[in-house]
Amino acid sequence: YTKAYSLKEDYAEPIYNLTAILKGYEFSTPSKELQILLSKILLKKSLFRPSDLVKSALSLIKLDPEIQLALRNQTSDFSKETFLTFAGTIQQNVLLMNLLATTPIISIELEDLLIRLRNMFIGFASNDIFFEELFQLQTALAKQCFINGYCYGELSIERDKVLDLSSIVDSLIVSGDIPNKCLIMSLLCFKPLTSFSWSTELGDTHELKELYRTQVIEPAAEKKIKKSIQSVGSIFDPVSIRVGEQYENFCYPRWLGLRQNPRPHTVAEFVMLANLKTNTSVMSKESEPKILIAGCGTGRQAIETKTTFKGSQVTAIDISLNSLAYAKRKTNLYAVDGIEYFHLDLLNVHKLKHKFHVIECVGVLHHLNDPIDGFKRLAVVLQSGGLMKIGLYSSFGRQDIFKTRDEISQITRPVTANV
């Protein structure tokens, strides 16, 4: 695959297949060549999910001698010159820069390093010290914090600095002055642009153009899109309401890449390729299969499914209007036709008054008060001889989460959102 890619970098199949092979793979020896290759591949966002590549990419990054030195350096009292050298080394890792701007980083060691960098940038900024040479790193870090939902804990002293610096930016804009771009970026490592009163006054400047688009223009577009999404039935179930509120408050995932199959196939062909033990006679007659995505979230699954199955007509439902608006905007961005989005509780799926040849329900049923009841309701709208794909949380897959919850429960001091 790497040979095929080197011969023709816009050839889709080698990238599609290589990223599938690398999913979950961890390298054991460093390789600058592979780092360069993965850096280029990360730019092909319509052929794979960046999260599929993150584990293998991070393993390469952590094998890099310069990054290993940075991870071992626990210095907290940097001078301007020593910090410039320290952070400059990190910025030189192109794969890490691309990864930061693309998908959440799932490495405790690197997460700790990023938190320290964020702390030092805001600390220097509060002393009116800025690093133009490190603007690329600051920008990548700000993108990472936006992508991961600002999940890093904050110290009270950091929150105070953010408030103080935000006031300084406000004063500068009021007086007609242009705030330092590094100052702005230091703040955007803690909060999105839309949380600052001066965000719209800042304008679409060249240095902030991409962040302004993703954090101001696109959310504004989604607010308009929400008005065009049809609601079917009402949501009364208490659990559904609570889950919906969670995703209304935090639209997740804000994905930046998806896996579009370069060779779409029919449902009957998929059944044969996957060696499913089922009768394909029903599917072989359907040139335009009706597919339901029950709980589509922010739309990546709906788009991937639509572009995987030839002639498919996709209906995607979710209980979060914010998620649906994000999904519809992304669908328009990728110019994908044949997907209808509805604001609808899975428990009311019968109100669509349709039967479907394929139903996909991944990461949804276990959120219901009665998962079996939800499954039965889906079965009612499945065509005879149709296929249903179900994805559930498992106790095995969530062992680390259970362990973390247990450890948190042992903490004697109060746990807050900032711990």
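Tutor: This is a predicted model, in which local features need pLDDT of at least 70 and side-chain atom pairs count only at pLDDT 80 or more, while totals for chains, interfaces and linings use all residues. Residues are numbered from 1 along each chain as its sequence is written, and side-chain values use heavy atoms, with hydrogens and water left out.

Student: Why is Thr 307 called buried?

Tutor: Buried means under 20% relative accessible area, exposed means over 50%, and partly exposed is in between, with a 1.4 Å probe and protein chains only. Thr 307 has 18% relative accessibility, so the residue counts as buried. Thr 307 lies in helix 17, residues 300–308, where helices (H or I, at least four residues) and strands (E, at least two) are DSSP runs numbered from the N terminus.

Student: What does the side chain of Thr 307 reach, and what makes that a polar contact?

Tutor: The side chain of Thr 307 comes to 3.1 Å from the backbone oxygen of Glu 304. A polar contact is a pair of N or O atoms within 3.5 Å; within protein, one must be able to donate a hydrogen and the other to accept it, and residues adjacent in sequence count only if both atoms are side-chain atoms. Setting aside neighbours within four places in sequence, Thr 307 is also in contact (heavy atoms within 4.5 Å) with Gln 260, Asn 261, Pro 264 and Val 336.

Student: What makes Thr 331 a buried residue, and which residues is it in contact with?

Tutor: Thr 331 has 4% relative accessibility, and therefore counts as buried. Leaving out neighbours within four places in sequence, the contacts of Thr 331 are Ile 303, Val 336, Ile 339 and Tyr 341.

Student: Why is Asp 128 called exposed, whereas Tyr 150 is called buried?

Tutor: Asp 128 has 61% relative accessibility and so counts as exposed, while Tyr 150, with a relative accessible area of 18%, is buried. Asp 128 lies in the loop between helix 8 (108–126) and helix 9 (135–147), and Tyr 150 in the loop between helix 9 and helix 10 (156–174).

Student: How do you know that the peptide bond between Tyr 252 and Pro 253 is cis?

Tutor: Omega is about -5 degrees for the cis peptide bond that joins Tyr 252 and Pro 253. Pro 253 is in the loop between helix 14 and helix 15 (267–273).

Student: Why is Thr 266 called partly exposed?

Tutor: Thr 266 is at 26% relative accessibility, and therefore counts as partly exposed. Leaving aside neighbours within four places in sequence, Thr 266 is in contact with Phe 309 and Lys 310.
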